Amino acid sequence: MARRIFQLSEGLIGETVAIVSAAASAAVRSGEERITKSGIEALRYVPVSKRRRAPVREDLL
């Protein structure tokens, strides 16, 4: 599960926090009360590099 979070976050700490926070909120709302691999996949989180403004981000780096 940690590897999947790392892949989605692309190593960015802010993205990691966003993913874990969203997964935790979803787990609590669903009544499961724990973060699972299937819960992370259900988020359908889009990594930074695949978002609409990804080319702008690349220009900044």
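I began with Glu41, which comes out at 37% relative accessibility and so counts as partly exposed. A reminder to myself before going on: this is a predicted model.

**Entry 1: overall picture**

I looked up the fold next. I find four helices and zero strands, and reading along the sequence gives me the pattern α-α-α-α. The chain has 61 residues, and 20% of them are buried.

**Entry 2: confidence**

I then asked which element has the lowest mean pLDDT and which the highest. Helix H4, residues 54-60, is the lowest with a mean of 60, while helix H2, residues 13-30, is the highest with 96.

**Entry 3: helix H2**

I checked the length of H2 against its geometry. Its 18 residues should span 26 Å at 1.5 Å a residue, and I find the end C-alpha atoms 26 Å apart, which agrees.

Which residues of H2 are buried? I list Glu15, Ile19, Ala23 and Ala27. These four cover an arc of only 100° around the axis, so I place them on the same side of H2. Turning to the other side of H2, I note that Ile13, Val28 and Arg29 are exposed.

I then looked for what covers the buried residues of H2, and the cover includes helix H1 (2-9) and helix H3 (37-42). Just past the end of H2, I noted that Gly31 takes a positive phi of about 90°.

**Entry 4: Glu15**

Glu15 sits in helix H2, and its relative accessibility is 14%, so it counts as buried, the cut-off being under 20%. What is Glu15 in contact with, leaving aside neighbours within four places in sequence? I find Ser9, Tyr45, Val48 and Arg51. With Tyr45, the Glu15 side chain makes a polar contact, side chain to side chain, at 2.3 Å. With Arg51, I find a salt bridge, with N to O at 2.5 Å. Arg51 lies in the loop between H3 and H4 and Glu15 in helix H2, so I read the pair as tying together parts that are 36 residues apart in sequence. Arg51 itself is partly exposed, with a relative accessible area of 32%.

**Entry 5: the salt bridges**

How many salt bridges does the whole structure hold? My search finds two.

Besides the bridge of Arg51 and Glu15, I find Arg4 bridged to Glu41, their closest N and O atoms being 2.7 Å apart. Arg4 lies in helix H1 and Glu41 in helix H3, so this pair ties together parts that are 37 residues apart in sequence. Arg4 is partly exposed at 27% relative accessible area, and I come back to my opening note, with Glu41 partly exposed at 37%.

**Entry 6: where I leave it**

How values were computed. Residues are numbered from 1 along each chain as its sequence is written. This is a predicted model: local features need pLDDT of at least 70, side-chain atom pairs count only at pLDDT 80 or more; totals for chains, interfaces and linings use all residues. Side-chain values use heavy atoms; hydrogens and water are left out. pLDDT is the predictor's confidence in each residue, from 0 to 100. Helices (H or I, at least four residues) and strands (E, at least two) are DSSP runs, numbered from the N terminus. The expected span of a helix is 1.5 Å times one less than its number of residues. Buried means under 20% relative accessible area, exposed over 50%, partly exposed in between (1.4 Å probe, protein chains only). The arc is that of the directions from the helix axis to the C-beta atoms. Contact means heavy atoms within 4.5 Å. A polar contact is a pair of N or O atoms within 3.5 Å; within protein, one must be able to donate a hydrogen and the other to accept it, and residues adjacent in sequence count only if both atoms are side-chain atoms. A salt bridge is a side-chain nitrogen of Lys or Arg within 4 Å of a carboxyl oxygen of Asp or Glu.
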